[in-house]
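I opened the model to look up a few points about its fold. My notes follow, entry by entry.

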Amino acid sequence: MHQWNIRVISDSLGETGEQVVHAMMKQFPSIRYHVVRYPGVISEEQIDNILLFLEEGEIVISTIVLEELRNYLLEQASTQNIHVFDILGGPLMQFEGVFGIKAVMKPGANRELDTDYFSKIAAIEFTVKYDDGKDPRGIPMADVTLVGVSRTSKTPTSMYLANKGYKVVNIPMVPEIEAPKELFTSDPKRIIGLIIDPDKLNAIREERLRSLGIEGGSTYAQDERIRKELVYAKGIMKKIGCEVLDVSNSTIEGTAGEIVKILNRNFPGNPKNDYIEF
């Protein structure tokens with residue numbers, strides 16, 4: 001089967017263009033493709049060198065900010081019958097029309113080390129430090145604490161939120177281990193329980209064991225053990241008085257989005273929540 005090489009040409013890192021490609025190609029599941037990034041393109045000479053290696057009919061995604069360079073790419077590519085999709089040019093001009101001012105047209109502006117950037121780094125460091133119940137003393141300092149049994153995606157959801165600037169603690173619920181006292185003395189509005197259908201959890205845990213080369217014999221994936229853990233976890237959540245999310249059929253992004261909605265509802269006006277998009 002033919003594989004499409006989709007080229008991303010950017011004056012920054014090209015991450016935005018690649019993300020757009022992957023999002024669009026989800027709608028064409030039968031098409032095989034490979035993304036090739038060309039970052040740091042800031043001259044006509046660089047564009048000429050890239051186009052030398054492209055074939056007629058290829059696809060290029062451009063996230064070049066500078067108008068003259070964008071136009072040069074479009075002109076040169078058209079002579080080779082190369083399809084260029086400029087995903088910044090059109091929207092930038094439309095935004096200029098709405099705002100009534102010119103865009104600064106500064107390449108790599110979204111990569112500048114501003115306050116939001118350092119806040120995000122601090123959130124990630126915090127979340128890693130307090131991951132998987134390493135230190136419950138982080139609970140009172142967290143923007144949100146996630147509690148749930150093993151394999152309810154606490155860690156990946158925590159890291160997703162951390163990348164959005166949230167300081168997250170996650171605490172595993174295990175019947176043999178006493179729940180940390182901080183869960184009962186901290187604001188329950190900042191604690192969210194994650195539950196899951198027992199059959200779904202059984203399938204997830206069995207797959208996890210297989211990936212580790214463990215076939216059968218472990219109580220980790222047994223129905224009785226799973227139901228015991230879930231009953232225990234739900235009891236703790238009820239005692240805390242926190243909100244509970246069922247993640248049985250939810251993606252990490254979907255769960256994170258629901259958590260942000262809860263935080264927005266519990267803490268209206270928090271500027272951090274205003275800039276979170278899923």
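How many bridges join E5 to E7, and do the two run parallel or antiparallel? I looked this up first. I found four bridges between E5 and E7, and the two strands run parallel. Strands count as paired if DSSP finds at least two bridges between them. Strands here are DSSP runs (E, at least two residues), helices are DSSP runs (H or I, at least four residues), and both are numbered from the N terminus.

**Ground rules.** I am working on a predicted model, where local features need pLDDT of at least 70, side-chain atom pairs count only at pLDDT 80 or more, and totals for chains, interfaces and linings use all residues. Residues are numbered from 1 along each chain as its sequence is written, and side-chain values use heavy atoms, with hydrogens and water left out.

**Strand E7.** I checked the partners next. Val 147 has Gly 193 of E7 as its bridge partner. E7 also pairs with strand E8 (residues 243-246), again parallel, through four bridges.

Then I asked how enclosed E7 (residues 191-195) is. Five of its five residues are buried, so the rest of the structure largely encloses it. Buried means under 20% relative accessible area, exposed over 50%, partly exposed in between (1.4 Å probe, protein chains only). In a regular strand, side chains alternate between the two faces of the sheet. I saw Ile 191, Gly 193 and Ile 195 point one way from E7, and Ile 192 and Leu 194 the other way.

**Ser 153.** I followed E5 onward. Ser 153 sits in the loop between strand E5 (144-148) and helix H6 (154-162). Its relative accessibility is 33%, so I log Ser 153 as partly exposed.

**Helix H9.** I tested the length of H9 (residues 223-240). Its 18 residues at 1.5 Å each should span 26 Å, and the end C-alpha atoms are 26 Å apart, which agrees. The expected span is 1.5 Å times one less than the number of residues.

I listed the buried residues of H9: Arg 225, Ile 226, Glu 229, Leu 230, Ala 233, Ile 236, Met 237 and Ile 240. They cover an arc of only 130° around the axis, which puts them on the same side of H9. The arc is that of the directions from the helix axis to the C-beta atoms. The face turned away from that side carries exposed Glu 224, Val 231, Lys 238 and Lys 239. The cover over the buried residues of H9 includes E5, E7 and E8, along with helices H7 (182-185) and H8 (198-211). Gly 241 follows H9 with a positive phi, near 85°.

**Helix H1.** I repeated the check on H1 (residues 15-25). Gly 17, Glu 18, Val 21 and Met 25 are buried. They cover an arc of only 100° around the axis, which puts them on the same side of H1. Strands E1 (3-9), E2 (32-38) and E3 (59-62) are among what covers the buried residues of H1.

**Whole chain.** I counted 11 helices and eight strands. Of the 278 residues, 38% count as buried. The C-alpha atoms fill a box of roughly 70 × 50 × 30 Å along the principal axes.

Terms used. Contact means heavy atoms within 4.5 Å.
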